[in-house]
Amino acid sequence: MKINKFLQNVNWVRAVLLACFVLVQSGHVWSQPNTMKSHKENSQLVRDLSGFDWTMKMMLPGEGIKKGLNNLPPEDIETLVWNYAQVPGDVYTDLWKAGVIEDPYFGRNSVKAQWVQQYEWWYTTQFNVTEEIKDQVVKLVFEGVDYGCEVWLNGHYLGKHEGAFSSFSFDINHALRISNKFLASKNMLVVKLDTPPQVNALVAGKKTPWFGDYWRDLIPFGIYRPVKIISTGKLRFDDVYAKTKINKDGSADVDLELTIENTTKDVKKMNFETTLKGHNFESKEINVSFENSIAPGIHKIIKRVHVDKPELWFPWDLGKPNLYKASISLKEGKVNHDFNQTVFGIREVTSKWNPGFKKDVDVSFPRSTYINDKFHFIRSACWGGPPDIFVGRTSIAEYKELIRLAKEANMNNIRIFGWHPPEIPEFYQLCDEAGLTVWQDMIPMGTGNIPSEENKLADILNEAARVIKERRNHPSLIMMEGGEEMLLRTRDAKFGREFLERLGDTLQAYANLPYVPDSPLTCEVSQEAGFKPKEAVHALRYFYEMGEWLHEDWLQTLDFPIVPEFAITSVPSVESLEKFIPKNEMWPPGLSWGHHWADLTHLRMQNWDVFGDEKLGSLEEFVNASQDAQGIIFQNGIEYFRRHKPSLSGIALCHFITYWPDMKWGIVDNYQKPKNSYFFVKKAYQPVLVNFDFKKRRWSTKEEFKGGIWVINDLYESYESCEVKFTIKNDAGVVLENKTYKVGKITENSAKKFIDISANVLSKVDKKFFVELELTDKKGVVISKNDYFFLIGDQQKATAEFKVQKGERVKIESKYGYGNYYRFFDDVTRENGKDYESETQIPRASGYELKVKK
């Protein structure tokens, strides 16, 4: 059917006007799609310009405008010969796909691409508009550009924007070219990406930090979120917030906070038609209609919708993640101006003080999280994302897989900390649906050295406001933080604290969620700022002071209410290594290992701590040992912390993933492949966990083996007449002890020691022995299984030897610095009589080649 004939036969006038918007891209005609389902007879119109119909061009800073790129003729095909590009995406990925640069993830290619950030990059796309847009307001929306840009449409300057996390838009009616002729209807959208900032402190909170010990100096930038054209009537929604409250009688109220913009000069009497119903469950539909007069400008209207018997949103281990959908039409008589659909959950998040820690003596903030009055013990990991720092390499499929893996590992929370950006909407949607909560530093404040000028501080706070407003409808978001180790680095403790408190006031003005200013708040500057000595712990000292303690001895020094970071490193699988390490540098480790942040001395020492052996016999042996060591240290640490429940209320490992292929913190590598350590974490994060409390891992054959059997239950479900089967095996798998103990009732939301173990069987062990636990209920159903291995040795002698290794490590690091990976390569540093004389040489990590098994 022809468009004009269709228009003559449509009775719904507003629907006709909205349906008239037709776009053409790449020479193909596209009817404007109804991308949102109709609410009764009408819908908002959205055209997503995402895809490969973009091209890009490099220019020296300031030269693009001088050369006239902002005035490209809309009818022309000049941009056809530019490099192709994808939106959403990033500059580096577009250049890599075009063959301009080598894969920055591979080897040390990232240093070869540093020139890219010294140029401005021009992006263009073309489309056609063939029908009139009378009585409509057409808006061009950029959901996210990293970092600064300017925009033109058909030579009309629309404006500029700075800030990686906030969306921005332009009304474009005046700039659109509209015709039923092909060339006259052609439109040219031009975006100039500025060179990215070079000093993070100057853009703190508005751009992701590009430094830290898991990245190299290559500053990401690009149009990293969709660009859309949205057509509405003269009145439109600016924001919709579903603010929920649970009443004492079990009912709930949903306050729909509707921010409306009237773009006309007249007061308009508007009808609001609202439907509320279950999104992922069946429910009775609630319909609410009301009228309101809207004056010119932007105004907020609040309409309360009462729900008698709400289906609450819970994390997956406390209940069901029930979601509601509100559909709202904004109408003037029979003419629909705009439409909105918002998915949200009804839940209430509160905080309570952790028992055992004195308010304003030990701690300043409650750190126990309750969701709908149920204690939510946080089993988490720092996200470490986005999945790729070059977002053009990321897909929604990867997000889905990573969220699946997180839940499968028994996590009930993901922490986004201040070195990484707030995530895209799909991330939160997936967490909402999976029942995973999100604990988030709302904007990345990975530096304490922020601007002091009031106008620049206001920019940071405004960015934070935009970030929380876009994400506050997601019930998965349950905790806000202001900084990440920010006070570790700030030069002025008082100023740092005052800013973080202002940031909290800004965030809580938009979302009623718990807020903590910074993490961990236990450093010297934090104490100077007035915070208390037991606020939280970043459990990193074992790693950064490697050799000071065997890991189980170090764990016993920790007593805090929450653990926002617990960090151990490992190496990805050989299969994954082959994707980013050159073949001739694979083993023994070459320079690319260091470039990808392999802490080669620390990895050897971790292996020695766990196995009593550095495990350097082959690449496969070393890789697998590093992953097992990471997993075992994580397991032992997680179990130690969980035994302190409820005094301790949450753990976040550092990390779940990392955003490029590296040798660092993640338990899932950059190719979405779980490491061995992932499975140790999965075991330690069982909601109901039978576990063994021990004080050391090295035992003499003359000693009596001792420990205690505990059961931790994070569920609100009890288990009756339970039993624990306890087994000890030697090196050969021979059972040395096999006993079953009655433990009776496992109560809900509990952590309890049940049995003290003492076994005199180690004389039958050679080098190591194994412990297995199995918890069953009254029907014999297995509730939880666990296992460990221990070494035959002397704990005190091992500690002394570990300290000697630390001395050697510190001696080298003090000479070259921790971040300088040249320290691992004598050829490069010209140590021990070696020299790097020619590129025909392949420098190898010192100490590795001598221990390869023949």
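Predicted model: local features only at pLDDT ≥ 70, side-chain atom pairs only at ≥ 80, totals over all residues.
**Strands, helices and annotated stretches**

Gly278 sits across from Tyr324 of strand E18. E15 and E18, the latter spanning residues 324-332, run antiparallel and are joined by 8 bridges. E15 also pairs with strand E16 (residues 286-294), again in the antiparallel sense, this time over 9 bridges. In that pairing, Thr275 is found opposite Asn287 of E16. As for E15 itself, the strand takes in residues 268-278 and is mostly covered, with 9 of its 11 residues buried.

Tyr370 faces Phe375 of E22.

Next, a pair of helices. For H7 (residues 454-471) and H8 (residues 493-508), the angle is about 35° and the axes lie 9 Å apart. The crossing of H7 past H8 is right-handed. On the H7 side, the contact involves Glu454, Leu457, Ile460, Leu461, Ala464, Ala465 and Ile468, while H8 brings in Phe495, Phe499, Arg502, Leu503, Thr506 and Leu507. Sorted by type, the residues of this contact come out as 10 nonpolar, 1 polar and 2 charged.

Two stretches of the chain carry domain annotations in UniProt. An unreviewed entry labels residues 82-199 "domain: Beta-mannosidase-like galactose-binding". In the model, that stretch is 39% strand and 6% helix, and its end C-alpha atoms are 31 Å apart. The other annotation, also from an unreviewed entry, reads "domain: Glycoside hydrolase family 2 catalytic" and is listed for residues 403-485. Over residues 403-485 the make-up is 41% helix and 17% strand, with 26 Å between the end C-alpha atoms.

Technical notes
Residues numbered from 1 in each chain as written. Heavy atoms only, no water. Pairing = 2+ DSSP bridges. Helix = DSSP H or I, 4+ residues; strand = E, 2+ residues; numbered from the N terminus. UniProt positions renumbered as here; feature names shortened; annotations may be inferred. Axes fitted to C-alpha atoms, helices over the stretch in contact; angles between N-to-C directions. Left-handed = near helix turned anticlockwise from the far one by under 90°. Contact = heavy atoms within 4.5 Å. Nonpolar A, V, L, I, M, F, W, Y, C, P; charged D, E, K, R; others polar. Buried < 20%, exposed > 50% of the residue type's maximum accessible area, 1.4 Å probe, protein only.
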